Amino acid sequence: MIKENYLSRLKNKRQVYIDSKLVTDILEEPTFKGAIDSISEYYDLQEKEPDVFTYSEDDKKYHISTLIPKDVNDLIKKRISYKRVADLSFGMLGRTPDFMNCALAAMAKNAAVLGSCPHTNFSDNAINYYDKCRNNNLFIGHGAINPQMDRGIQLGLQNNNFCGVKVIKENDQGIIVSGAKMIVTLAPIADELLIFNMPGLVKGDEDFALAFAVPVSAPGVKLICRKPLQHKDYNTFDHPISNLFDESDAYMIFENVFIPWNEVFVYRDVDKSNSFYDKTKIRNHNGHQGIVRGLSKAEMLTGIAIELAEKMGLTGFLNVREQLGEMTSCLELVRGGILLAEHDSSIEDDIANPSIHAIQAVRYHFPKWYQSMVNIIQSLSAGSMLAVPHHGDFSNENANIISESLKTKSMEASERCFLLNLAWDVSGDGFGQRQMVYEKYHAGDPIRIAAMHYLNYPKENIFMHLNKIKGIYNDSLCMPSLRSR
């Protein structure tokens, strides 16, 4: 019933545009089919394998991703679930429901940092919203990135009504907001969205300093999707991944949207807006989910590369073995980062927070590793993946020629073509390029990630070694030189 309830909610009227046309039925739109099928499997697992995907609290069962973890064992339970969910799409869907579920759990547990205002208690709102979402198995997406209009001018001084989302007016019932957010991934098939800002607001940006929840179907909300990366005139033989898991990104417009006070978490407070992502520990928990998903994706690419090398007779070359070893060693480094994030977690106020230092280290390096994996797949398949016939050529007058000319000692022609199509999808096609850009920027500016890692990293152990060598140097100044003897 959980899956059926989700699918029935998708029938709620919403303003979603694909290729400039208003989508009249989300469930029938081909662009969303693969993602909807994957989310449906996510809900199915909750009922089919409750021991893995649920936990009990107050005689009720909830999805394990909404668990507030109390220790390392809880983080491990959540990681097992994250990995199984990511494997449904081979890590290609980055914003499955568990991504924000763990964030809402952290926000609720750390709700005290949100405080209150004369209109409402933000802390209570966060707790109540968390309960609402987990009780109803809602799929929550999020919008945090403001459109890039002019990064040299703060939001409050920009002459553009869509440079962010700002409050227009307030009353006793709630607030009215207008504006925009960009790259709101999977939003068209979500139930609701958590809207907030990443750090960077300054004095004068108070109207933009907001965090709130909003249903996708709320009046005045529009989702204008980027061009689909699916190939509607081809099947999954021709495009094995892109025709299944195109994760639609949307430009989100707010036109005088009403938000009730009980779903507002930050209001006109620059400091709380800037600290929202970190002080609620959202960054720690959806970062944990994110690097686990990344492992699934890296496993997929590594598998493709190994299959290409083995089936095309390339594993005898030392340089190819080195390339494959680079990929397998990257898998272990990601796996090690995940384990470190869990085992180096800190328990604060009865919640185990995965180590942000381990998470951000993986987040900084993973895009580089991922791009290298893509490059290796391209070098292994090379021009072969640019000369693959249409699936229909295996059943028309060219069938015998194609089947004979493209087979190898280790593969029939159809298997070879499918493998090369898969390599093209993940490394060369628009889908594969979008995935690479996504990995590079979805966690934020990589330069900023590295810079903040340096600033926030506990440097005591590093300086311990430095101070020791300094001590040896200082002691040597007190010793008589060999020349003076």
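Isoleucine 469 sits in helix H15, which runs over residues 460-477. Helices here are DSSP runs of H or I with at least four residues, strands are E runs of at least two, and both are numbered from the N terminus. The model is a predicted one, so local features need pLDDT of at least 70 and side-chain atom pairs count only at pLDDT 80 or more, while totals for chains, interfaces and linings use all residues. Residues are numbered from 1 along each chain as its sequence is written, and side-chain values use heavy atoms, with hydrogens and water left out.

Back to isoleucine 469: together with Phe463, Leu466 and Ile472, Ile469 makes a nonpolar surface patch of about 370 Å². Patches take in residues with over 30% relative accessible area and no salt bridge; like charges are joined within 9 Å, and nonpolar side chains (Val, Leu, Ile, Met, Phe, Trp, Tyr) within 5 Å. The areas themselves come from the Shrake-Rupley method with a 1.4 Å probe, and for residues only the protein chains shown count as cover.

Next come the charged pairs. A search of the whole structure turns up 27 salt bridges, a salt bridge being a side-chain nitrogen of Lys or Arg within 4 Å of a carboxyl oxygen of Asp or Glu. One of them pairs lysine 83 with aspartate 87, with 3.0 Å between the closest N and O atoms. Lysine 83 and aspartate 87 are 4 residues apart in helix H4 (residues 72-88), so about one helical turn separates them. Lysine 83 counts as buried because its relative accessibility is 17%, and aspartate 87, at 31%, counts as partly exposed. For these labels, buried means under 20% relative accessible area, exposed means over 50%, and partly exposed is in between (1.4 Å probe, protein chains only).

Setting aside neighbours within four places in sequence, lysine 83 is in contact (heavy atoms within 4.5 Å) with Val292, Leu295, Ser296 and Glu299.

Another salt bridge ties arginine 434 to glutamate 247, the closest N and O atoms being 3.3 Å apart. This pair links distant parts of the chain, 187 residues apart: arginine 434 is in helix H13 (residues 430-441), and glutamate 247 is in the loop between strand E12 (221-225) and strand E13 (250-260). Both arginine 434 and glutamate 247 are buried. They also belong to a network of salt bridges that links Arg226, Asp246, Glu247, Asp249 and Arg434.

Glutamate 348 and lysine 281 form a salt bridge as well, with their closest N and O atoms 3.9 Å apart. Here too distant parts of the chain are linked, 67 residues apart: glutamate 348 is in strand E15 (residues 346-348), and lysine 281 is in the loop between helix H7 (270-279) and helix H8 (282-311). Glutamate 348 is partly exposed, at 35% relative accessible area.

Finally, the backbone. Aspartate 59 is not a glycine, yet has a positive phi of about 65°. Aspartate 59 is in the loop between strand E3 (54-57) and strand E4 (60-63), and counts as exposed at 84% relative accessibility. Asparagine 137, also a residue other than glycine, has a positive phi near 50°. Asparagine 137 lies in the loop between helix H6 (122-135) and strand E7 (140-143), and counts as buried at 17% relative accessibility.
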